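I opened this notebook to record what I looked up in the model.

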Number of protein chains: 2
Amino acid sequence: MNAAEASPAAVTAPASGDVGLVVPRDFVTTEPFTFESGQTLPGFTLRYETYGRLNAAGDNAVLICHALSGDHHCAGRHTAADRKPGWWDNLIGPGKAVDTDKFFVLCANVPGGCQGSSGPSSPDPATGRPHGIAFPFVTIRDMVRAQKRWLDSLGVNKLFALLGGSMGGMQALQFGIEYPGFCARLVLMAMTARESAQAIAFNEVGRQAIMQDPAWNGGNYQKDGGPRVGLAIARMMAHITYVSDASMDRKFGRKKKAGAAGDAYTFDGQFEVESYLKHQGESFINRFDANSYLYITRAIDHFDLAAAYGSLEAAFAHVEARSLVLGFTSDWLFPPSQSRAIALALLRAGKRASYAELDTDLGHDSFLLESPQLYDLVRGFLV
Amino acid sequence: MNAAEASPAAVTAPASGDVGLVVPRDFVTTEPFTFESGQTLPGFTLRYETYGRLNAAGDNAVLICHALSGDHHCAGRHTAADRKPGWWDNLIGPGKAVDTDKFFVLCANVPGGCQGSSGPSSPDPATGRPHGIAFPFVTIRDMVRAQKRWLDSLGVNKLFALLGGSMGGMQALQFGIEYPGFCARLVLMAMTARESAQAIAFNEVGRQAIMQDPAWNGGNYQKDGGPRVGLAIARMMAHITYVSDASMDRKFGRKKKAGAAGDAYTFDGQFEVESYLKHQGESFINRFDANSYLYITRAIDHFDLAAAYGSLEAAFAHVEARSLVLGFTSDWLFPPSQSRAIALALLRAGKRASYAELDTDLGHDSFLLESPQLYDLVRGFLV
């Protein structure tokens with residue numbers, strides 16, 4: 001596939017700094033794929049989007065890796081009526097920090113996901129029914145290897161840069177380790193080289209909420225069915241870990257819902273923060289698959305570069321990319337100390353790395369939010 | 001009731017610094033009780049324990065108030081075979097910081113609780129079936145007023161001191177506000193004068209896990225039945241908030257369970273922290289009632305002294321007790337800043353108050369744990 005063919009996604013000219021309407025595409029491979037677990041698939045699909053155009057030299061590709069609940073749709077809109085653009089639309093677009101006038105930007109939904117890529121909810125060709133938890137166990141390295149095959153198919157032979165936050169940062173760093181010459185720059189945000197016990201614990205509570213919901217049924221359920229209650233509980237809890245005490249207090253404090261005064265002595269949600277969380281849970285179950293939640297949280301829990309390579313320095317021994325590591329002061333899920341440790345290990349391994357800590361009280365999700373300081377750092381690094 | 005009758009609980013002589021075998025007793029009143037909500041009960045029961053003896057002057061009573069998942073059994077053992085003593089046995093006993101050789105120590109299970117006091121799981125005399133959520137809504141102030149009636153019945157006309165951590169501290173402070181001349185000293189640990197949005201949010205996720213469990217059934221279920229799955233999820237999550245990232249990391253880190261290596265690619269708990277949390281959930285459902293969990297978390301959420309009295313200073317205007325306020329550096333559920341704010345408001349209101357911040361990485365539950373520094377502070381204050 002040549003460069004011109006590789007970027008058909010932006011079908012309308014961008015207006016006012018956004019990439020306009022985009023059409024997701026599917027990469028379908030029928031070559032068998034062996035996961036780290038040893039399990040294999042006869043092939044797989046990755047749904048992806050691209051914005052901008054690969055230049056003639058083929059040296060302007062920028063890969064975006066998404067986090068747990070993200071997907072391939074990181075910029076633009078699918079229809080003019082879409083209420084919201086892609087999840088990183090504030091960062092990606094013409095003239096933005098990841099400038100689609102300069103870069104050919106790509107993003108794929110990870111294997112194990114539920115937005116079009118092969119995962120537990122996609123049909124097993126052998127039976128026509130969803131794979132369920134018979135789908136192979138997925139690791140961060142599997143996500144990276146699958147995406148590499150997709151990038152190869154597009155003729156993307158090198159990446160100008162690779163950006164990711166949270167689990168996206170794990171993939172980006174794993175890319176830098178696995179394919180040293182492939183990627184020139186890594187931007188690693190709000191991430192960790194291995195979760196703490198507390199982060200594993202939160203993920204486990206979410207998994208238990210899902211797996212102990214009777215509707216989970218051992219992972220066998222129909223689309224739009226399944227453990228919706230358990231998944232909503234998991235999401236409500238996880239959402240608390242994505243923000244911060246200070247930001248929740250500023251946004252909601254102890255404000256009561258309108259009309260809640262009259263029924264102050266009930267168990268119904270009376271505080272605005274309760275309704276907000278409930279809404280987070282309810283909207284999540286309409287867009288996310290519970291089995292994918294199990295797979296992806298497990299992939300995150302298992303990510304442990306020091307254990308996999310002996311030490312962080314050993315893991316980074318062959319990295320060639322320059323790295324910009326960004327921590328966020330109020331991130332208590334993957335605290336900035338964990339990002340700092342990555343930058344320090346890169347430096348100790350003799351690599352080019354910078355670390356910046358952004359002062360924000362918006363918590364882990366800060367990397368997704370409006371931040372001129374973040375934009376400047378990214379823009380400055382992508383030159 | 002005279003002093004001698006008031007302390008039959010310690011039935012054997014204490015050995016090696018503990019209060020020995022104790023027998024819980026029931027305070028039963030048939031006088032109607034009106035809750036803050038306006039709902040009434042024709043009477044109620046509080047289960048309680050006492051240790052030590054009320055002296056002839058009647059001025060050595062020390063009340064202990066328990067936290068969310070605690071109860072009246074705070075010291076000693078019920079049988080010689082008990083694996084564990086009461087929940088604050090490290091603090092209370094002959095020669096301990098709360099010295100039962102000197103003090104007559106009392107503790108009652110709160111109304112709304114499930115360890116013998118009237119609550120949603122106790123039978124409604126009218127029907128013989130559990131009250132369920134027809135039980136009146138309970139506030140911290142209701143807990144305090146009910147305990148005052150019990151103390152009156154025992155002939156306890158004043159308290160030398162009142163100690164509580166977390167929700168126990170809320171009760172203690174409310175006691176000091178509600179009955180100014182009644183209590184001479186307050187020890188308030190790991191508490192808050194009002195929860196932040198984040199703490200409400202965690203409680204709400206727990207309540208949703210319970211109420212959305214089909215076995216909750218609108219609060220109608222038989223003992224040993226009910227929303228055991230939801231309650232376990234609520235407890236697992238809450239437990240994370242009682243400890244700290246650092247303490248979990250030190251205790252478990254990323255250690256795998258013995259034998260887990262062989263099945264690394266499954267969703268079963270592989271990390272020790274996962275088994276530990278699961279155990280926390282499972283043991284909790286065998287001792288706690290899900291409806292009580294709803295009632296008590298709601299009481300905590302609604303506690304807001306500044307809102308109830310106009311300001312903290314106004315709330316404290318009539319307090320006569322001296323207060324020792326203790327915060328714990330790693331408590332992220334009720335951060336030490338919230339304890340400090342209470343001490344400062346007491347001082348601003350012209351009251352005698354001290355604040356100490358204990359340096360610990362054990363999180364919110366620090367007030368329950370072995371700490372010579374804590375013991376010294378309490379001992380020094382109770383003179």
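How many helices and strands are there in chain A? I found 11 helices and 12 strands in chain A, where helices (H or I, at least four residues) and strands (E, at least two) are DSSP runs numbered from the N terminus.

I noted that this is a predicted model, in which local features need pLDDT of at least 70, side-chain atom pairs count only at pLDDT 80 or more, and totals for chains, interfaces and linings use all residues. Residues are numbered from 1 along each chain as its sequence is written, while chains are lettered from A and ligands numbered from 1 in the order in which they are written.

I then looked up burial. In chain A, 56% of the 383 residues count as buried (20 or more other C-beta atoms, placed from the backbone, within 10 Å of the residue's own).

Beyond four places in sequence, the contacts (C-beta atoms, placed from the backbone, within 7 Å) of Val62(A) include Val98(A), Phe104(A) and Leu163(A).

I next examined Ile140(B), which lies in helix H1 (residues 140-153) of chain B. Ile140(B) counts as buried because it has 26 C-beta neighbours inside 10 Å. Leaving out residues up to four places away in sequence, Ile140(B) touches Met170(B), Gln171(B), Gln174(B), Ala299(B) and Phe303(B).

Technical notes
Contact = placed C-beta atoms within 7 Å. Buried ≥ 20, exposed ≤ 12 C-beta atoms within 10 Å, placed from the backbone.
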